[in-house]
Amino acid sequence: RGKSHLTEEWEEGPRKYDPTFKGPIQNRGCTDIVCCILFIIAILGYFAVGILAWSQGDPRKVIYPTDSRGQFCGQAGTPLDPVPLKWINTQDSLHRNATVVIEARQVVMKIFEDYTQSWYWILLGLVIAMLTSLLFIVLLRFLAGIMVWVMIVLVILVIGYGIFHCYMEYAALKGEPGSDVTLQDLGFQTDFTVYLQIRQTWLAFMIILAIVELIIILLLIFLRKRILIAVALIKEASRAIGHVMSSLFYPLFTFLLLAMVIAYWAVTAVFLSTSNEPIYKVFNETACDHSRQTCDPNYTTSSMKKECPDSECLFAFYGGETVYHKYLIGLQFYNVFLFFWCANFVTALGQMTLAGAFASYYWAFVKPDDMPAFPVFSALGRSLRYHTGTLAFGSLILSIIQIIRVLLEYLDHKLKGAQNKCTKFLLCCLKCCFWCLEKFVKFLNRNAYIMVAIYGKNFCTSARDAFFLLMRNMIRVAVLDKVTDFLLFLGKLLIVGLVGIFAFFFFSGRVKAFENTAPHLHYYWVPILTVVIGSYLIAHGFFSVYAMCVDTLFLCFCEDLERNDGSAARPYYMSSTLHEILWKNKAEDLPSSSAQQQDDEDIQLKPKQAEEEDAT
């Protein structure tokens, strides 16, 4: 664009024009090595904590209750040792809690039985969600414009049907005995089907869905012009995914790694929480100097028993006084922190891998001839070989913020009964600030990983370049990139809504054709909720590839505009369709005088672009 201020900036700044630039740089060096070493040491320490916890813990303490001697109840070889009646009369609160535990255990057993009766139908529902998502992605590849509008209409219709169904249920319960009871008067019930017999429940569902429907319709009205531009970006993303089809299955690899991280954290947490030793205390009815002191289970031969003949040595709680038990809370904190760090690292690895694959598509001058043979595997190899430290650095920053949020929630829970209004306001402000900070860091990290995938620089440099590049294109980020994210979110809602409606009619037995096929369950909402959550995760996995592709192409597009001017010496790497629509979007956002000047510059460039297209 001649000698514009942007041209002068990247000619004099860190991103000088490089006529040999061909996209993602292959000759890279390792970045953020110190953080890479720190991450490796932390992982080795995490394994050590797990081994230590597994050697000390006993998960049976979570599953089975214990008697007054600390022995597991209901296990083979355990003698019957009922608690004396005198302790029952003096510990009513413990028995009220025991009743709640027993009821909760019965509910858990019923839920487990429902899963055993319906697991294969749940898997079928998840397979249907996966096939629906895959079909939707394939149709987007060839019919992006039509599919987006079909998706919008179907989302409105599905939510509208939900409102209609809630109203019909609300009207059908009119006059039924007990249906006018409020949720507040009903309280918590272990049988969740009770809530569906109350009119207020369906009224609440109807109001929530109506609000969601209204918000979506208003957003569509205000963003109707931007949707056309977002469709063009989705079309370009569809072409990129068409050349990198293996990217659609990369979320399975991310899901597998996350499942391993979650499983390791959960098992380690259980073993850490059950690694305390049984502590016994002296209990007595008459005065005794040794009352509530720690005692040995072989209490009958001790001197305490001789001084207090009517006292007994009973199990009190789990604890310990060794070095391991003193630092147990620190080990639990370390387990949580490393869980956040590893989970964020896996997510960051997926983002950088996909960004590298799609960047290789964008910066290929002749697509797909100039692309690597296996873009995803090449990008994954570059990320692990050169940028493990960068991934660890970005995920460490995010993990610190997340652990601070956890500590604030824990502090709020502990001080809930004693806090004054000033403390409550301060905690609320801190939680809000760190929530916003986490969202900002996630956004910055995502774009920083894209810049790392392209240029191979360290995290701080890439984050700085990505931030200022986005700030120079703030209008495009606000009205284009986010509109595309909104459309992709509607796609997730559509898939979840369709599969959820199918699961509801099947498991609830509302359709006569499925009455003999559907399993008989205690709570039919268990498989429905499982299918809905699983469908969302599956749809999110597929559409996250699209979202990452859109973000990568958008950032590459902004970088392309600043590096090149469309001349024969510095041609654009973007497609002609994408350039035409996105440039039209910029002209609409500029003031009238600037837009006229921009049109004059474009007229001068069109002959050069026409010659280049003819040559191509």
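This tour visits a surface patch and then a pocket in a predicted model. Residues are numbered from 1 along each chain as its sequence is written, and side-chain values use heavy atoms, with hydrogens and water left out. In this predicted model, local features need pLDDT of at least 70 and side-chain atom pairs count only at pLDDT 80 or more, whereas totals for chains, interfaces and linings use all residues.

**First stop: the surface patch**

Select Val138, Phe142, Leu143, Ile146, Val150, Val153, Leu154 and Leu157, which form a nonpolar patch with about 710 Å² of accessible area together. Such a patch joins nonpolar side chains (Val, Leu, Ile, Met, Phe, Trp, Tyr) within 5 Å, from residues with over 30% relative accessible area and no salt bridge (a side-chain nitrogen of Lys or Arg within 4 Å of a carboxyl oxygen of Asp or Glu). Areas come from the Shrake-Rupley method with a 1.4 Å probe.

Next, colour α5 (92-142) and α6 (144-172), the elements that give two or more residues to the patch; α6 gives the most, with five. Helices are DSSP runs (H or I, at least four residues) numbered from the N terminus. Leu143 is in the loop between α5 and α6.

**Second stop: the largest pocket**

Select Thr347, Gln351, Arg446, His540 and Ser544, which lie nearest the centre of the largest pocket among its 49 lining residues. About 1,700 Å³ of space lies in this pocket. A pocket is an open set of points on a 1 Å grid where a 1.4 Å probe fits, with protein on both sides within 12 Å along at least five of seven lines; lining residues have an atom within 4 Å of a point.

Finally, show α19 (525-563), one of the helices that each supply at least two lining residues. The largest share of the lining, eleven residues, comes from α19.

Conventions: Patches are made of residues with over 30% relative accessible area and no salt bridge: like charges are joined within 9 Å, nonpolar side chains (Val, Leu, Ile, Met, Phe, Trp, Tyr) within 5 Å. Grid points are joined across faces, edges and corners, and a volume is the space filled by probe spheres set on the points.
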